[in-house]
Each structure stands twice: as C-alpha cells, then as structure tokens.
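Please look at the sequence and the structure before reading on.

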Amino acid sequence: MFDAIEHKYLKAMSLIITNASETDGEASAPTDDVIEAYTLKYEYAEDGTCYMDTTGGEGPPLPCSKENALSQAKQMIRTLAVFNESLPGLPDGRTIVIKLKYHDVTPDDYEPTYFKSSTAEAYSS
C-alpha cells in the first residue's frame, strides 16, 4: 500500500464488513449487504505531500508518513483488541473486505503487493 501512496495513486482505503461470501477469491455480494464500512481518504498537495483523513473531515488530515501510518494502525489494532473483548465474533457468513480506490492517473493494470483486482460489481463504486 505504501507503493500506491508513493506513486500518488491511492485515493481511499475501506475496511468493509459484509454479508458477502467468497467464491474462487471474488467477492459476490451486492453493496446493500454492507454491514459496516470504515474509510481512510488520501489527498496529495501540490508539493507532493500526502495527507490522510482519519476523522471523516472533522479534524486536520495527517501526513502520510510510514511512521504515521504505523502509529495509526497500532492505535486501531489496540482499540479493536479492547473493543473486541466485549463483543461476540462475527456471525457465520460475514466477510471482511479491504477495498482500495485509486485516482484516475493510476495505470489500469496497477495492483500493490498482496492485493488483487476484484471484478465484483458490488465493489465498483
């Protein structure tokens, strides 16, 4: 994902909990089966600096450094771990999907390491 940020391709990253099932690696649920979604948006200043919006527009964006990204990920994991202790597991039939959206300048065949393209129409918007 850092590669997509370095090339100024990444527009948004979403973590989606859905009723989707996976068939041969392709998500197959319609978008109305989304239960929860969390999105980080990325913007690039004219000087090339990347900023990520982690507050839904209600606070200042953070610079997209590896240190900030790792700090945000650690904070999110800690929060989820504490929160998870009070919740039951995901019910059967739920899937977690990570969706990456790119800016128009991104080459059509670009995919960062560990990700693959999905042709599922449910995740095309």
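K8 sits in the loop between α1 (2-6) and β1 (10-18); helices (H or I, at least four residues) and strands (E, at least two) are DSSP runs, numbered from the N terminus. The model is predicted, with local features needing pLDDT of at least 70 and side-chain atom pairs counting only at pLDDT 80 or more, while totals for chains, interfaces and linings use all residues. Residues are numbered from 1 along each chain as its sequence is written, and side-chain values use heavy atoms, leaving out hydrogens and water.

K8 is not a glycine, yet its phi is positive, about 60 degrees. Y114, in the segment after β7, is not a glycine either and has a positive phi of about 75 degrees.

The table gives accessibility, where buried means under 20% relative accessible area, exposed over 50%, and partly exposed in between (1.4 Å probe, protein chains only).

| Residue | Relative accessible area | Class |
|---|---|---|
| K8 | 36% | partly exposed |
| Y38 | 47% | partly exposed |
| T106 | 9% | buried |
| Y114 | 82% | exposed |

Y38 belongs to strand β4 (residues 34-44). Apart from its neighbours within four places in sequence, Y38 is in contact (heavy atoms within 4.5 Å) with M13, S14 and L15. T54 is 16 residues from Y38 along the chain, and their C-alpha atoms are 9.5 Å apart.

T106 is located in the segment after β7 (95-102). The T106 side chain reaches the backbone oxygen of H103 at 2.9 Å.

Technical notes. A polar contact is a pair of N or O atoms within 3.5 Å; within protein, one must be able to donate a hydrogen and the other to accept it, and residues adjacent in sequence count only if both atoms are side-chain atoms.
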